[in-house]
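Student: I'd like to learn how to read a sheet in a protein model. Can you walk me through one?

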Amino acid sequence: MPKSIKGRLISFFIMILLIFTGSNIWALINFNSLSVSIDNIMESNYKSIEAAQHMIVAIERQDSAELAHMFSESDTTVSNFIENQKIFLRWLTRAEDNITEIGEQEVLESINQNYTEYIDSFTYLISLNKEDDPKIMNDYYYQTIFPLFEETKEGSRKLLAINQNSMLERKENAHNIARRAMISTVVVSVLSILFGLIIITILSNKIVVPIQNLIEKIKKISEGNYDQKLTIEGDNEIAQLAKEFNLMATKLLYYDENNINKLKEEKNKSEAIVESISDGIIVTDKENKIQLINYKAEKIFDIRENNCLNQHLLEVVNNEKLFGLFKEVNDHPYKNRYKSYEDIVVKVESMDKYYRVHVRPIKISNEFHYGAVALIQDVTKFKEVDQMKSDFISTVSHEFRTPLTSITMGVGLLLEEIPGKLTEKQLELVEAIKEDSERLNTLVGELLDLSKLESGKMQMDLQNHQLEAVFDYTIKIFKIQCEEIQAEIIKDIPEHLSDVRIDISKMTWVISNLIGNAIRYLPKPGGKIELAIKEIYGKQIVSVKDNGSGMNEAMQKHIFEKFSQGKDIAGGAGLGLSICKEIIKAHGGDIWVDSEINQGTTFFFTVPIVE
Amino acid sequence: MQKILVIDDEKNILNTIVMYLEGHDYNVQAISNGLDGIKAAKDYLPDLILLDLVLPDIDGYLVCKTIKEFSVTEKIPVIIMSAKCQQIDIDKAFDVGALDYIMKPFEPQKLLEKIHHYLKELV
């Protein structure tokens, strides 16, 4: 038996073909012998039977013609007798030509002999004259002719019987052959069918069982169970397939284990990193259930990660503010927010500790929202420093204002000339003092505002407004000043703008400050300030553009820092733009500048629109 | 001539205010601490009091509150002058009965306007 499946299939089909060919040949042989035996019947018996029957008929007619000759005057009797004699002899010749049976020869010889004598006797009978002696004629007939007639007829009957018997025998023989052929064909067919079935079963077992086995193992592999081996002996296609399969499974197992090890290693590393971060970290899923707490966070809230995994945040950490942050982020993970942190107070050993909590949504591949992560920084120290700074600024500004009050009062007294008349020069000096004391006052005020803004103490009164209204109001304030220096303010504002959510007094302050700044650096005359608003991506971009002297890159970089102003240009506290920045930030916007020397300056800032 | 009581511990401020208001024809009494201020209010019965918040003995809130508790002085309008500028300070001043709050430093004319305003109301 060949080893390959292809070879096996071919040999199987050849075998089936051989079986069918053999059984067909056997059937053909049987049909042939059947046909031969039928031919035999036809050839050997049928002709003799026909001849014998005709011979009997002919001789009987001859006997009748003889009798007629004896007892009538008819002239046709002799000719009738001769005609039938010819018929008899013709059939006798045929019978003699077809001797097939044992004894047939002897029978025919006796018929021939008797018949010859019978003819001779008739010739003698004709020679007798019936008128002469009817009795002699009658006696001759009964004594000589009639026995010959009977014997000839009997001989013919014998011939008939021999051939009839033989025919029956042959018919029986043919019947036997046919039955034998039928039985043997059935037997061969049944045998070949059985044999075929056995071969099919064996073959399909040999081919299909390993394939089924393979399918099962592949299924297991696809379920992630890589530890699969196929044991198929031999070197046919299936065995080769099994070999390749085993190789693949081994490799898969190897990669899988390797990957798992690598993943484990990476996971351990990440966990170790998260654990060692000196700030607290808490991760929750979308339902605010805790997924991770690092060591520092455990310390802060006096909890253990193992006891609170998958528990609701509020059950574990009783801090409404912290929960509020998580809830807001998890409820609206795609919302942009300016202030993503909140400071919370936690009592640790009866001491108030301040923590700054940043909560951010966790988005896997930027689409799927998993939950939120909080970074909890200990800002107690910063809070203390902040408080000190705040107290300091407050004290300093108070300390500044007290002497400024008497200076202002004194200057007022002098200008109103209450203590006495002043000379032109003196008046000029007092004016200078007044101007600088005002500047100092503004500076102190701004310093205080800025420290409030920076520490988040400034209250924001956010309401829905149209920015254009703020523009109109601010332009009015600067109207007289612009007329004095022959400058113009142009608005470029599209219709149907959305409302923005702003603290109107602080926004007015920002726009006034930007316009005031611009006016300070405008060419005189011919100054031009353009105010514009554009609405894109959920916010409005406001621009304040002037055709003033512009500034270099270094200046642009530091323009929003405290106390940075064009050194060569007089006037203005250096805090205005820092305050603008803080106010815009508090609105959730951004501020930046674009400028070129002698080409003018444009300040931009953004404000989120009301959704 | 209308009488104004000024209570402030800063000598320079006190002097300039006194000088300025006298220049504008007011009768001005100047006091530099809280307890003397209360006494002066009762004795002197000014038409208006200018009061600083930070004083060496008791603070301006207590002075104002005390003045507002005496029936003889309760009707006298008190204007607080202070360098304190937080809303909480301002609210507290109104709580203890001050009529107005003027932030230091101020323009002398501003102060004068306020004084005119409240004295006119009084008449």
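Tutor: Let's go from the overall layout to one strand. This is a predicted model, where local features need pLDDT of at least 70, side-chain atom pairs count only at pLDDT 80 or more, and totals for chains, interfaces and linings use all residues. Residues are numbered from 1 along each chain as its sequence is written, and chains are lettered from A and ligands numbered from 1 in the order in which they are written.

Student: Which pattern does chain B follow along the sequence?

Tutor: Helices (H or I, at least four residues) and strands (E, at least two) are DSSP runs, numbered from the N terminus. Chain B reads β-α-β-α-β-α-β-α-β-α.

Student: What is the order of the strands in the sheet?

Tutor: In general, strands of a sheet pair through backbone hydrogen bonds, either parallel or antiparallel. Here, pairing takes at least two DSSP bridges between two strands. The five strands of chain B form an open sheet, S2-S1-S3-S4-S5, with parallel pairing. Its edges are S2 (27-31) and S5 (100-103) of chain B, each pairing on one side only.

Student: Which strands does S3(B) join by four bridges?

Tutor: S1 (residues 3-7) of chain B pairs with S3 (residues 48-52) of chain B over four bridges, with Val6(B) opposite Leu50(B). Four bridges also join S3(B) to S4 (residues 78-82) of chain B, where Asp52(B) partners Met81(B).

Student: Is S3(B) largely enclosed or exposed?

Tutor: A residue is buried if 20 or more other C-beta atoms, placed from the backbone, lie within 10 Å of its own, exposed if 12 or fewer, and partly exposed in between. Five of the five residues of S3(B) are buried, so the strand is largely enclosed by the rest of the structure.
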